[in-house]
Amino acid sequence: MMKVVKLGGLIWLLLLPLTLAIAGAPQDNSRIEARIDTLMAKMTLAEKIGQLAQYRDISDENLALIRAGKAGSILSVRGAQATNHVQKVAIEESRLGIPLLIGNDVIHGYRTIFPIPLALASSWAPEWVQKSATVAAQEAAASGTHWTFAPMVDIARDPRWGRIAECAGEDPHLGSVMARAYVQGFQGEDFSASTAVIACAKHYVAYGAATAGRDYNTVDISEQTLREIYLPPFQAAIDAGAITIMSAFNCLNGVPASANYFTLTQILRQEWGFGGFVVSDWNSVGELLNHGVAVSYSEAGKKALLAGVDMDMGSHVYNQNLADLVTNGELAVADIDQSVRRILRVKIRKRLFEQPYVEPEREAATVLSAENLAIALQVARRSIVLLKNDNHLLPLSKKLKSLAVIGPLAADRYTPLGSWVCEGRAEDVISVLAGIKQKIADKKILSVQGCDIAGKQTDGFAAAVAAAQRAEVAVLVVGESANLSGEAASRTSLDLPGGQEGLIKAVYATGTPTVVVLMNGRPLTINWTAEHVPAILEIWQLGDQCGNAVADVLFGDYNPGGKLPVTFPRSVGQIPLYYNHLNTGRPPAADKFTSKYIDLPVTPLFSFGCGLSYTQFDYRDLQITPADFGDSAAIIASAVVQNTGDRSGDEVVQLYVQDVIASLSRPVKELKGFQRITLAAGDKQRVEFRLNRNDLGFYDKDIKYVVEPGLFKVWIGGNSEGGLEGSFEIRN
Ligand code: GLC
């Protein structure tokens, strides 16, 4: 039999002039469709189904599938050399030489690791989040990755769920703004650029609403909640140009997300006009059997494909079953062709046929550059939230004579990488202790671990207490190890793990002024610490530049301006606890017979949108123009914000509204806008928000999006609680 390998290469050699001619031409749709038609006319059914199959590594079995033209994509292959190698096999050793789409989890950095997405959301600075995604894309693309399985745009209202670390928190507006920023950063203006990667908004949809916060668990929510809370960030990602979507593991109202025609086709394609392709998450197609909606992998493959899943991430269901389903008439070739076209369209638009390889020297010159690390520092600084600062204990003076740095995470260089490390390395990370050592002389620092993250041992407390007693200030670095959040890391407790709270109490008891630096992947119920410790910094997991950013904030070289993107409950018993809740018929009040608990306040420990600064901001003169919505399409709500302190600082000015009376009960507050501004000491600025009529709607009892006339309340402030209050009417 003729050596297909040579033939494959020969076909492309002959077609190369035509291909290059097309490559230079603008990629207008008609040319793309013509190319797809030409290619598909050559493809066998097996080769078409191959395009729908993604594999998880370059095992001999998978390389054989690639050579047989039965692979469309591969994940977890990283680095110019390795990706060039596997791409060469696809192009030169398969009959048609169709390039592979190489995907990876570049969630918050490729080799330069940025703060985890929950920390990035805490910056409320989309322009910096976009910068972080641009750098991640440049490094990933230079290393042979075409496609990242990011942004993760799930909304999370339950901190027991470990993947809250990977998302932008509990609010659909903040989540949507961050989704757009990531997509624009990853894909740029044209995702075919050699510095861009294809984005993949995941996990579609409502994965974060898992019952009891238990990963992969059932999701059962109303369609209003689905459309108002969980879908908006996906729509924002698609509006920003995201060209792929990843279908989730969870069952949504009885229908698994990876076999859900309503979400995957009716909403995603018919309502939103999504033109890209859908990849299943990992084994979610195969898991339709566990969900009890498919009796066989064959039925699972049929259901997933017909629902709208175009590519199967390595469950082998598609490549092992679709051909027989076509042969026995359960699937039409047209069903296969539809998905093949979607995938080939992305490959052509990514110019994979023209530029399938990367230059290794470009990778070496791109990853972990000084410029990228400098951006990582700027982003990390902005991601830090000052939760408490009694008596202005912070910032610390660099003239301190002695500083105790205590805790199991103080010198830790792995945990700051978070739960998606990609090519990140602990050796690249500046620990908190190392960052502090850049600020004050070693001889002033008393460093003691004190305890482990998870153990209950207290034998290290004595050394910690001794250090604190000798120091002017004690800084405790505590929290969660990276493996306590992320995928498959749900917790039934939100307390600090192990004996860390005991360590805090022991150090605090010395009377030495104490600062707690929290390094964690989810909100924690740090009630005792919040009540007693005078200063608390929430740093999440800040990536490579962790220690430098923390030290900049601790010693005042950077004034923190971050805000919480999630609510901190007092107890796991309060969950789900989120700011944009309904009022109930008996809102919490002193009266016994109202909606509250008898053993804890109903309020959060720290509220959504809260965060302090080393300076103070004053809000005054709320204005709404015009006063009411007549026939105008929008109103402008504004307020004057003044820095009344003695140093420059950032403030995240937030706009909330409430639809006071409507045909359905509406949330007591909804975030509709925010701006992170910088004001020098004494300066003031009028901050304006444009509120469009369409921003004020909701899905009514018939799931129709309506903007109803009536009274609306408005708040502008630096938190979801309080703020300047005003109101306006929609009259028609
Ligand atoms: C995992 C995750 C998903 C990730 C994929 C590929 O199971 O759920 O977020 O992108 O597999 O690693």
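Helices (H or I, at least four residues) and strands (E, at least two) are taken as DSSP runs and numbered from the N terminus. On this basis, G511 is placed in the loop between α20 (500–508) and β15 (514–519). The structure is a predicted model, in which local features need pLDDT of at least 70 and side-chain atom pairs count only at pLDDT 80 or more, while totals for chains, interfaces and linings use all residues. Residues are numbered from 1 along each chain as its sequence is written, and side-chain values use heavy atoms, with hydrogens and water left out.

The domain assignment, whose bounds come from an automatic or database source, gives domain 1 (1–102 + 332–368), domain 2 (377–565) and domain 3 (617–730). The centres of domain 1 and domain 2, taken over C-alpha atoms, are separated by 47 Å.

The ligand is surrounded by D105, F149, R163, K202, H203, M246, F249, D281, W282, M313, W420 and E487, a residue being counted as near a molecule or strand if one of its heavy atoms lies within 4 Å of it. This shell divides into 6 nonpolar, 1 polar and 5 charged residues, where Ala, Val, Leu, Ile, Met, Phe, Trp, Tyr, Cys and Pro count as nonpolar, Asp, Glu, Lys and Arg as charged, and the others, Gly among them, as polar. Polar contacts are pairs of N or O atoms within 3.5 Å; within protein, one atom must be able to donate a hydrogen and the other to accept it, and residues adjacent in sequence count only if both atoms are side-chain atoms. In the side chain of D105, an N or O atom is 2.5 Å from an oxygen atom of the ligand, and for R163 the corresponding separation between a side-chain N or O atom and a ligand oxygen is 2.8 Å. A polar side-chain atom of H203 likewise lies 2.6 Å from an oxygen atom of the ligand. The protein covers 94% of the 310 Å² of accessible area that the ligand has on its own, with areas computed by the Shrake-Rupley method using a 1.4 Å probe and, for residues, only the protein chains shown counting as cover.

S122, which lies in helix α6 (residues 117–122), is buried, with a relative accessible area of 0%. Leaving aside neighbours within four places in sequence, S122 is in contact (heavy atoms within 4.5 Å) with R382, S383, V385, W540, G562, K563 and P565. G511, by contrast, is exposed, with a relative accessible area of 61%; the C-alpha atoms of G511 and A468, 43 residues apart along the chain, are separated by 8.5 Å.

Most residues other than glycine have a negative phi, and most peptide bonds are trans. A cis peptide bond joins L394 and P395, with omega about 0 degrees, and P395 lies in the loop between β11 (385–389) and β12 (403–406). The bond from I575 to P576 is also cis, with omega near 5 degrees, and P576 is found in the loop between α22 (546–554) and β17 (617–625). Positive phi values occur at A212, near 65 degrees, and at I703, about 60 degrees, neither residue being a glycine. A212 is located in the loop between β5 (200–204) and α9 (223–230) and is partly exposed at 39% relative accessibility, whereas I703 lies in the loop between β22 (698–699) and β23 (705–706) and counts as partly exposed at 24%.

Methods: Buried < 20%, exposed > 50% of the residue type's maximum accessible area, 1.4 Å probe, protein only.
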